[in-house]
Amino acid sequence: MDYVLDFFVNLGRSWTTWLGTFLPEWGVTIINYLVGGIILVLMPVIATLTLTWMERKVIGRIQNRLGPNRVGPWGIFQAIADAVKMLIKEDIIPDAADRPVFNLAPILIAGAAALVWAVMPFGKGVIGVDLNVGVLYLVAVGSITTVSVIMAGWGSNNKFALIGAFRGVAQLLSYEVPMILSIATVVLLAGSMSTMRIVEAQQIPFIFVLPVAFIAYFLASAAEVGRAPFDLLEADSEIVAGYFIEYSGLKFGWFYIAEYGNLFAVSAITATLFLGGWRGPFSHQAPVLGPLYFIIKTVLVVFVMMWIRGTWPRFRIDQMLGFAWKVLVPASLANLLWVAIVLKIALPTIVQWALMLGGNLLILVIAAGMLGRAAKRHAEQRNLAPLSSGAA
Amino acid sequence: MQQVMFIVISAVTLISGALVVTTRSLFRSALWLVLAFFGIAGLFVLLNAEFLAVAQILIYVGAISILIIFAIMLSRGVMDPETRRFNDQWGVVAGFTAVLLVLLVAILTRVQWPLAAGAVPADAIQRLGADFVGPYVIPFEVASVLLVAAMIGAIIIAREREN
Amino acid sequence: MLSQYAFIGVFAIIAFALPVIGLVMAWLLRPKKPNPAKNATYECGMETFGDTWVQFKAQYYLYALVFVVFDVEAIFVFPWAVAYNKLGLYALVEMVLFVLILLGGLLYAWQKKALEWH
Amino acid sequence: MVPLTWYLIVAAALFCIGTFGALARRNAVGVLMGVELMLNAVNINLVAFWRYINVGQMTGQLFAIFVITVAAAEAAVGLALIIAIYRQRRTVNVEEIDTMKG
């Protein structure tokens, strides 16, 4: 019974013991690294195979359609059919391309999407490696993505691709700042950068204490992975398909996999930082439930992102960058300072949390009010009818 | 094992460093620069300075190399593959740096360093944070002023004049 | 600690090897029939004219500039946040000062319309 | 464990490579990349000395962080200058940017 309660950790222990019966210690280490690594590396691929199907179904329902339903029951094999197609599709490299750079970009972006999973806490003791600098590692890996976006744009030697890459990088950079600041707020409250300890510090999920940080992180991560309403990178009507326009076949496929892998990863990070990660009812008595809670929370976040995509129109690039710098960054900074102030007031933890929540709500109201004023001013300048009067 | 890792990582760093200064295409040499930054982050890890390794990737790869690539693209026209990479005195400079390297190595291998073995403190990152606001508070605040000053200056310089 | 990073190293090798393996597989499986029209630069069906390396607006550089400042700020904020529980009130005051200076810089950039998209 | 001297030699080599780039490159951005390499070599030295000589105190790492900060500021201003010069003169060749020459 005890074995089942902490199944994953015990399984790992039994596996290591079993390997130890016929392998030297270093051999066990190497095998464990390889097995763990391969499982984690496959996460983006798994995410792509499942999430593309889920996304089509969800968006289909929102738009009053059925979504894929031909390949397999409810179309669940659609993603596999797409994968096969990408694998056997002809690969076109434009003559003008800077070949090594062109070919390297998809490899780097897919590798970076996989690297994130090394520090993801699936459950108590179920983690690739619990780094001291865990969350900062996540941000640092993200910078590989930025470089590969530029490489793709440059390597293609195509105007659209280069413009797309520039826009993409401007977007990635602008939204990385509120992302870093809201992560810093969580680190401040948890007192550690290790992803595992951040989860353990969440006696109540941080979303109830730091809603501003949560919203800032959620929106920033939606922009980082290029989800609607921030999907300007591939605004088909404006710049055709963004920086990966010249890619075809599996090279395009790796961009696609990186995109969905990153979507899944940022949702998992959101679940870890703000929704309590693997914590849930009885998760301490039965740690085997941890990964289950973690996956449920992650898929929930993914679902909300899809919901937003299905219902919101796209931002313009100026609106989008302005939103990051003029709303999210000041709000996150104010939030960081407020949490720091409250933590230095000697009060019971509960009262501190309540104060933080109160301050967060105040920041939220102020930010919303300023946004509303800006929108009104904009509407007056352009002589647009205010939304409330109902132009339609 | 550590020695092997050290040799591999420093070979990567030095080779990509050499390619940075010799590659004709500036964009590619910026990419080699990124690889060199990763190698240096690897050296930091070998030195047990994990926070610095992550900071290295975050700042150099994530920010400075992006700035460099943007500047390369903004000052285009220099991409002409026919242009020379080096200026006229590159031969002299090469000789000078070679002599410098030999001198440095000769000195470095002769000095008796006052080595003090010790374990890396487990709370190294906390100590860093404490030192920032403790004994090093002046450089800490000056860093903030420096960053803002650099930002303001660079904005003024780089802005396009509105006619 | 080093063993943790040994795992990261092994993991990084696997992570970058997987796309390579995939591409090699695709290379074995896919057809290869290039022709000049296919290999031309894609531009909505028209012939490409001019150089790709058209000059870009300095605006992009300004965003990167403000980003660099806040990115560097992060490496100061994170150790401070980790150590914060053990520090006295001075830690708060000093960080408030640090952030306010940066905020001043952001406001300046805002005022100078460095954050506007022209 | 790797001897301290190895790190110092690698740092010295990187510093010399950077110096060569800074002095011999014609393109101003290339010069700047050389300077970045030199600053990184300095950082390797700082951290190596921290690890081998004064591991109890964080001074070496702290200074490395300040060096990174200064490098970021230097890159930001330097590249802004290069962009501005390019806009005025249509060149970033350091041999041609010599208006101050008497």
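# Briefing: a predicted four-chain model

Leaving aside residues up to four places away in sequence, A:F206 touches A:V186, A:L189, A:L273 and A:F274, where two residues are in contact if their C-beta atoms, placed from the backbone, lie within 7 Å. This is a predicted model, in which local features need pLDDT of at least 70 and side-chain atom pairs count only at pLDDT 80 or more, while totals for chains, interfaces and linings use all residues. Residues are numbered from 1 along each chain as its sequence is written, and chains are lettered from A and ligands numbered from 1 in the order in which they are written. The model scores ipTM 0.90 and pTM 0.91.

**Confidence**

- Chain C has an average pLDDT of 82, with 86% of its residues scoring at least 70; pLDDT is the predictor's confidence in each residue, from 0 to 100.
- Where pLDDT is low, the predicted coordinates should not be read in detail.

**A:F206 and its surroundings**

- A:F206 sits in the loop between α9 (195–201) and α10 (211–224) of chain A; helices (H or I, at least four residues) and strands (E, at least two) are DSSP runs, numbered from the N terminus.
- A:F206 counts as buried because it has 25 C-beta neighbours inside 10 Å; a residue is buried if 20 or more other C-beta atoms lie within 10 Å of its own, exposed if 12 or fewer, and partly exposed in between, with C-beta atoms placed from the backbone.
- A:V126 is 80 residues from A:F206 along the chain, and the C-alpha atoms of the two are separated by 21 Å.

**Chains B and C**

- Chain B contains six helices and zero strands, and its elements run α-α-α-α-α-α from the N terminus on.
- Chain B is more spread out than a compact globule, because its radius of gyration of 20 Å is well over the 15 Å that the globule rule gives for 163 residues; the radius is taken over C-alpha atoms, and the rule is 2.2 Å times the number of residues to the power 0.38.
- Along its principal axes, the C-alpha trace of chain B spans about 55 × 40 × 25 Å, and 48% of the 163 residues of chain B count as buried.
- Chain C comes to four helices and zero strands, with buried residues making up 42% of its 118 residues.

**Interfaces between chains**

- Five pairs of chains are in contact, and among these pairs chains B and D share the most contacts.
- The contact between chains D and B takes 62 residues from chain D and 70 residues from chain B, and α3(D) gives the most to the side of chain D, with 20 residues.
- By class, that side of chain D has 45 nonpolar, eleven polar and six charged residues; Ala, Val, Leu, Ile, Met, Phe, Trp, Tyr, Cys and Pro count as nonpolar, Asp, Glu, Lys and Arg as charged, and the others, Gly among them, as polar.
- The contact between chains C and D takes six residues from chain C and five residues from chain D, and the side of chain C that touches chain D has six nonpolar, no polar and no charged residues.
- Chain A and chain D are joined by no contact, their closest C-alpha atoms lying 15 Å apart.

**Helix packing in chain D**

- Helix α2 (residues 28–53) and helix α3 (residues 59–89) of chain D pack at an angle of about 175°, with their axes 9 Å apart; axes are lines fitted to C-alpha atoms, for helices over the stretch in contact, and angles run from 0 to 180 degrees between N-to-C directions.
- α2(D) and α3(D) are therefore roughly antiparallel to each other, since angles under 35 degrees count as roughly parallel, over 145 as roughly antiparallel, 65 to 115 as roughly perpendicular and the rest as oblique.
- Among the residues that meet here are D:L32, D:L39 and D:W50 in α2(D) and D:F63, D:V67 and D:I82 in α3(D), and the residues of this contact divide into 16 nonpolar, five polar and one charged.

**Positive phi outside glycine**

- A:N64, in the loop between α4 (43–62) and α5 (78–88) of chain A, has a positive phi near 65°, and A:N64 is exposed, with 6 other C-beta atoms within 10 Å.
- B:N48, in the loop between α2 (26–46) and α3 of chain B, has a positive phi near 65°, and B:N48 is partly exposed, with 19 other C-beta atoms within 10 Å.
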